[in-house]
Amino acid sequence: MYVIGLAMLLSLWRLLRGPSVPDRILGLDTLYVNTIALLILFGMHLDSSIYFEAALIIAMLGFVGTVMLSKYVMRRDIVE
C-alpha cells in the first residue's frame with residue numbers, strides 16, 4: 001500500500017505540474033487507477049466488500065471523466 005501511495009503522489013505531481021493538458025489528463029487517469037488499486041488492496045486487508053464497490057464506482061466515473069476531458073481537448077466541445 002505504501003508503494004501505491006507513492007505512485008499516487010507522483011500522479012498528483014504530474015496532474016499539478018504537467019507541462020501540457022494531455023499530460024494532466026494522463027496524470028488524472030493514473031491517479032484514479034492508483035486509487036482503485038489502493039481501495040482493492042485495502043478491501044482485501046480488511047476483508048470487506050464495500051471497498052470493492054467503491055472501486056467499481058470510481059472506475060466508472062474515472063472512465064467517463066477521461067473520455068469527457070479527451071473530447072474537450074480534441075474538439076473544445078463536450079456535447080455533440
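# Patch, helices and loop

Me: Which residues make the nonpolar surface patch of about 440 Å²?
Reply: In this predicted model, local features need pLDDT of at least 70, side-chain atom pairs count only at pLDDT 80 or more, and totals for chains, interfaces and linings use all residues. Residues are numbered from 1 along each chain as its sequence is written; side-chain values use heavy atoms, with hydrogens and water left out. Patch residues have over 30% relative accessible area and no salt bridge, and nonpolar side chains (Val, Leu, Ile, Met, Phe, Trp, Tyr) are joined within 5 Å. The patch of about 440 Å² is made by M1, I40, L41, M44 and F52.

Me: Which helix gives the most to the nonpolar patch?
Reply: Helices are DSSP runs (H or I, at least four residues). With three residues in the patch, the helix that gives the most is α2.

Me: Is I40 buried or exposed, or partly exposed?
Reply: Buried means under 20% relative accessible area, exposed over 50%, and partly exposed in between (1.4 Å probe, protein chains only). I40 has 31% relative accessibility, so it counts as partly exposed.

Me: What pattern does the protein follow along the sequence?
Reply: The protein has three helices and zero strands. Its C-alpha trace spans about 45 × 30 × 10 Å along the principal axes. Buried residues make up 19% of its 80 residues. Read along the sequence, the pattern is α-α-α.

Me: How do α2 and α3 run, roughly parallel or antiparallel to each other?
Reply: Helix α2 covers residues 21-46 and helix α3 residues 50-75. Their axes lie 9 Å apart, at an angle of about 175°. Angles over 145 degrees count as roughly antiparallel. The two helices, α2 and α3, are therefore roughly antiparallel.

Me: How many residues of the contact of α2 with α3 are nonpolar?
Reply: The contact holds five polar residues and one charged residue. The nonpolar residues there number 19.

Me: Where is D47, which has a positive phi?
Reply: The phi of D47 is about 55°, although D47 is not a glycine. D47 counts as exposed, because its relative accessibility is 72%. Its place is in the loop between α2 and α3.

Me: What distance separates the C-alpha atoms of R14 and I25?
Reply: R14 lies in helix α1, residues 2-17. At 31% relative accessibility, R14 counts as partly exposed. R14 and I25 are eleven residues apart along the chain. Their C-alpha atoms are separated by 9.1 Å.

Me: How far apart in space are T30 and M8, C-alpha to C-alpha?
Reply: T30 is found in helix α2. T30 is partly exposed, at 32% relative accessibility. In sequence, T30 and M8 are 22 residues apart. In space, C-alpha to C-alpha, the distance is 7.9 Å.

Me: What distance separates the C-alpha atoms of E53 and L39?
Reply: E53 is found in helix α3. At 47% relative accessibility, E53 counts as partly exposed. Along the chain, E53 and L39 are 14 residues apart. Their C-alpha atoms are separated by 9.4 Å.

Technical notes
Axes are lines fitted to C-alpha atoms, for helices over the stretch in contact, and angles run from 0 to 180 degrees between N-to-C directions. Angles under 35 degrees count as roughly parallel, over 145 as roughly antiparallel, 65 to 115 as roughly perpendicular and the rest as oblique. Ala, Val, Leu, Ile, Met, Phe, Trp, Tyr, Cys and Pro count as nonpolar, Asp, Glu, Lys and Arg as charged, and the others, Gly among them, as polar. Patches are made of residues with over 30% relative accessible area and no salt bridge: like charges are joined within 9 Å, nonpolar side chains (Val, Leu, Ile, Met, Phe, Trp, Tyr) within 5 Å. Accessible areas come from the Shrake-Rupley method with a 1.4 Å probe; for residues, only the protein chains shown count as cover. A salt bridge is a side-chain nitrogen of Lys or Arg within 4 Å of a carboxyl oxygen of Asp or Glu.
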